[in-house]
Amino acid sequence: MAQDDPVVSAQWLHQHLGAPDVKVLDASWYMPVENRNPWEEYQVAHIPGAVFFDIDGIVDRTTDLPHMLPSEEAFAAAVSALDIKNQDKIIVYDGKGFFSAPRVWWMFRVFGHNKVWVLDGGLPQWRASGFDLGSASSDDAVLKSKAANKAVERVYNRELINTITFQTEFQPHLFWTLDKVAHNIAAKSYQQVDARSKGRFDGVAPEPREGVRSGHIPGSKCIPFPEMFDGAPRLLSADELRQKFQQAGISLDQPIVVSCGSGVTACILALGLYRIGKHDVPVYDGSWTEWEAQSDSDYPKATTTAS
C-alpha cells in the first residue's frame, strides 16, 4: 500500500482483512440496461466484512441527474452510519473490477479523505486469487448500508442526525460544475477527456439513457475507460498509462479535467492519472447527461462528422 498509488492488490487486502482500521466497501453499480441488482449481488457474495456503499443512495437528493455528489453534511452522515472514521483506511471494490469503485474513491477524496484505495481488479481479481467470499450478509452490515441511505434522506429533509463521527473537508479543485466546463471551452486552460466509448463520443452510437443524444463537449478528446486496465483486469503500469494519454494527444504537463456519461467512469481515468502522478484531476460531476440536456445555443454539442 502506497499513498501515491491509488490501488491495493487482492493479496494485500487478504493479509490486512479484519484489521480494525481497514474498512472495505462494495461499491458495485451497473448501468440500468444491464438489469443487475448490486445490492442483491452483494448479499449473495462479497469480500468478508465488506459493507455495501449505495452509489444511487448516497447522492444529492435535490437534482434529477443520476448519482450526483451529495452535500458535505449528507456524505458525513452516510459515512458515519457506515461506521467509517477519519483514521480508517478504506478499500473500495466493485463486481466488474474497474467500473464504479473509482467513483467512491473520488468521492472520499473530494471530501478530504485521502486514505482510500481501489482494490486492483475488484471482485474478479479477488475470486481469481482463490480467496474466500462471504455469502451471508451480517445483520449489522445490512443495517449499516440502510442507515447510510436513511441518513442522507434525513439531511435533505432537514431532520436531526444522531452522531457524526466522520469529518469532511471539501476539495473544490477536484469537483467541476457545468459552468466551469462551459468557461473552459473558451479559456482552454484544461484539456477535457471523455471516458465514454468512441461511438458515443463521435455521436454514432446511442447513449444508454433514453432521451439523451450522443456526441461530446466541444474540444474534448476521447479515451474510453477500458484503456486504463488489462484483461485481468488490473490497472496498467504508469508507463503504459502515460502512453495511452499521449497517444490520444493529451499533454501530461498541462491540466486535465475528466468526464463521461454521468460521472462514474470518468473516475477510472482520474484513477489512471493518479497513478502517473497527476493527483489533482477534477471530475465533471454532471458529465454528458447534464451537458446534453442544456440548450444547444448556450452549451454546444459536437460530433465527429460535424465538430
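This is a predicted model: local features need pLDDT of at least 70, side-chain atom pairs count only at pLDDT 80 or more; totals for chains, interfaces and linings use all residues.
1. Asp120 sits in the loop that runs between strand E5 (116-119) and helix H5 (122-128). Asp120 is buried but forms no salt bridge. The nearest side chain of opposite charge belongs to Arg275, 4.9 Å away, and a salt bridge needs a nitrogen-oxygen pair within 4 Å. Leaving aside residues up to four places away in sequence, the contacts of Asp120 are Val7, Val8, Ser9, Phe98, Gln125, Pro233, Arg234 and Leu235.

2. Pro233 belongs to the loop between strand E8 (221-222) and helix H9 (238-247).

3. The largest nonpolar core has 69 residues, and Leu25, Phe53, Trp106, Phe108 and Val258 touch the most other members. Helix H10 (residues 266-275) supplies the largest share, eight residues. The core lies between domain 1 (7-157) and domain 2 (175-293), because both give residues to it.

4. Beyond four places in sequence, Val258 touches Val193, Ala266, Leu269, Ala270, Leu273, Val281, Pro282, Val283 and Tyr284. Another core of 15 residues lies apart from the largest one; its members include Trp12, Val22, Ala50 and Tyr93.

5. Asn35 is in the loop between strand E2 (22-26) and helix H2 (38-44), and Arg158 is in the loop between helix H6 (139-156) and strand E6 (175-176). Asn35 counts as exposed because its relative accessibility is 72%; Arg158, at 79%, also counts as exposed.

Terms used
Residues are numbered from 1 along each chain as its sequence is written. Side-chain values use heavy atoms; hydrogens and water are left out. Helices (H or I, at least four residues) and strands (E, at least two) are DSSP runs, numbered from the N terminus. Buried means under 20% relative accessible area, exposed over 50%, partly exposed in between (1.4 Å probe, protein chains only). Lys and Arg count as positive and Asp and Glu as negative; His and the chain ends are not counted. Contact means heavy atoms within 4.5 Å. A nonpolar core is a set of buried Ala, Val, Leu, Ile, Met, Phe, Trp, Tyr and Cys residues joined through side-chain atoms within 4.5 Å. Domain bounds come from an automatic or database domain assignment.
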